[in-house]
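Q: How do I read helices and their packing in a model like this one? Please show me on the structure itself.

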Amino acid sequence: MLVISVMNIVTPESDSAVQMSQYQCSFYSLRPKQVDFDATWRSVENSIKRIMKLQPLERRVWDYNFYDIYSLCVAIPEPLSGRLYKKTKECLEAHVTELHQVLMVFNGSVYFIKEISSANDSELLNVYCQLWNIYYKGALCVHNLFGYLNKQYIKIKRCTEIEGGYGAYGQYLTQKDVKEIGLLAMEIWRKKLIDPMEKRLVDHVLSAIAADREGRNNVPVDIVRGAIMSFVQVDDVDSMREVLDRSPSNLPQNYETYREMFEKKFLQTTTEYYTVLSIKLLSELSCSQYMESVITRIEEENERSIRFLHKSSHEKVTKLCQDVMVDAHKERLYAVCHEYIEGECMNDLHNMYRILKPINGGLSVVIREFQNFVQKTGLEVVKDMRGDNIPQQFVENVLQVYNRFSSMVAKVYYDDGDFVGALDKALQAVVNYREDPRQIPKASERLARYTDTLLRKSGKGLSDSELDTKLSQAIIIFRYIEDKDIFQKFYSKMLANRLIGNASLSKDAEESMISKLKQACGFEFTSKLSRMFTDVGLSNELTDKFISHCAVSNVTLNVQMTVLILQAGAWPLSAPSSTPVSSADGKDSTAAVQTTGFIIPPILLPSIEHFEKYYQASHNGRKLTWLFNLASVEVKLHYLDKVYQVTMSAHQLAILFCFETKDLVTLSYIEKATGLSDELLSRNARALVDSGVLIMANKEMKEDSEVALNLTLTSKRLRFKVLVPQLQRHIEKEAEHVNITAQQDRKYYMECTIVRIMKTRKVLKHAALVNEVIEQTKSRFIPDVNFIKKNIESLIEKLYIQRTDLNDEYQYLA
């Protein structure tokens, strides 16, 4: 093997030589003068030859040559730059021709000569790289030596020869005849040495890379890479220029020699190699093993391209391998995709994702199969719910599916956006599933009842962190619900019941849930819920002020009470019709208390009247409507062996007062005395019977049925509550009522949205208006296109908008 040492071509001088150089430098003159070209060129030529061989050159000789080149460029009567450029070109051509003919090996002071053609294949790349390294470094030094010629003659020559409107980019256009000396040296190397040896060089490089693929390293990596990079360096213009003269960074580099001579052939041979290999592997291996082999091969080829090739080829090599080994055989992978997903073969699915991800549209089938499987799994668990606690089963089953497949998306697909979107679409279809397409999905109601169970005092004794976790999980399902407005109605009704009945687990838990809903849907969605909390706080303050007022006014209340003043617009409570209030003896009360046909027990009237007077005095212009159907009282039973404290509703208290003077009455008497009738009377009477306070001989509630006071009541608890049973038909009726009101609210919301959009846009096409409406309403519900059309027609009738001369266009009417 040939070893050529590379040394510093400019050697330090002795002290005397330095003094002589300094002395002679004092005679340098920048003034143009007559120059003997032949004598001067002999000195410059000798230095070029020594530099191109990287032989030592004294500093003073370098300085003399630099001055000589300057003198030739500014010589009088005419500059000799053209002759100097021509002679330099001839000198470099002769040098490269000599390198092409013979191979010089520096060994001490003796040169051994051997024909290149006789060099065996294993040494060719090594010898070529050593010669190129010497030549390239020498060319850089010669380029610097001819700095003045490059800056003046060549630069001016190139700019004057460029014609046309290229502007500032004109100086970067390559000229065929005139080049900087360094670039000229690169061109000569390419024409005189690379081109004649192209086939031999490229074949040996490709053979070396092919051997590396097979695990045989016949030629060192640095030798192969050096040969390849020589094809790049001969076209690397910017490496020879100063920073200010380089091409703009946004312009692509032109490595034509590398691309045309080597890269095309390399990519072609690589394609052939992996085409044969992929067919062979598919015939021998299973799909699972094939994917693992493909990943390994691509990684090896990427690492190989980094070791051998220029960086501009790295992405091309990777894409080539993917096209040949994956894209060409993706149908075989799709055939087993369904099997892998149903079997949840994580490793195989992960490998499939890795190799199909870079392919344009390669994951479309995998995403579709994944979405279908998630939806199928979710619908199976949703349809299979049985028993009483359906809301809890629904939430837990959906969360189980969510956790199962979100974990799969994270581990297998690295939370890829396409798979996250597929999971969301599948779960949205599961959550909003409806057995009858004409019905509204039950997800909103079920989720609201589930959260109601969590936030009630009767909930399972969860810690704060556990409760917060379950509420966060409920929000996960909430995000998939399309009819969020229906959830809002159910949730607000249940929140109202908790707040009125003082049944909330804690204020912090309630506020936490509202905060989570606010983050999911915005302030407008939770504004009424927040106002409900505000009303409860203000009502407690108002009750304290009323009690203080009574104490100051020497007013004695026979019944202490806490009043909740609720805003009609914030609370989902329907106001009953108003009728005069009558006492138990049939006389009309003088108090103008607004209530239903219910007859208030006389014991409650004085306290109610005092509160109304106090409230009207401090809040002028407000109207109070009493909701006794939501009121609760605490009653002490003194007629038994023990004193029991019973919590019951105001309606049940009115029924109990019917037994103040009698131990046995009929239902017709209770109906007349209380003003309760039909189902309301039956439910409350049944509740008192079931709790043991009253007894009945017959199970059926009829007008002539007799009800007696239970004088032998016994209970292990001294305090208990009379509960009104929630029948399934009442729950269904409540859900139906919520759905009806939601549809009406949607109509108003839709009309407001359309008017708001048209007021902003003034004129809008039908399709654009529909899209805008869907975009603005999807946070509350997903509107049907026919529903949007009906509301548009309604607004046209109300003269808010009108059609223009174009059929599919609307105009806002101010």
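A: Start with contact, which means heavy atoms within 4.5 Å. Buried means under 20% relative accessible area (1.4 Å probe, protein chains only). Helices are DSSP runs of H or I, at least four residues, numbered from the N terminus. The buried residues of α19 pack against α16 (390-413), α17 (417-431), α18 (443-455), α20 (484-500), α21 (507-521) and α22 (523-552).
This is a predicted model: local features need pLDDT of at least 70, side-chain atom pairs count only at pLDDT 80 or more, and totals for chains, interfaces and linings use all residues. Residues are numbered from 1 along each chain as its sequence is written, and side-chain values use heavy atoms, leaving out hydrogens and water.

Q: Which residues of α19 are buried?
A: They are Leu467, Leu471, Ala474, Ile475, Ile477, Phe478 and Tyr480.

Q: What span should α2 have?
A: The expected span is 1.5 Å times one less than the number of residues. For the 16 residues of α2 (residues 37-52) that gives 22 Å, and the end C-alpha atoms are 22 Å apart, which agrees.

Q: What comes just after α2?
A: Leucine 54, with a positive phi of about 60°.

Terms used
Helices (H or I, at least four residues) and strands (E, at least two) are DSSP runs, numbered from the N terminus. Buried means under 20% relative accessible area, exposed over 50%, partly exposed in between (1.4 Å probe, protein chains only).
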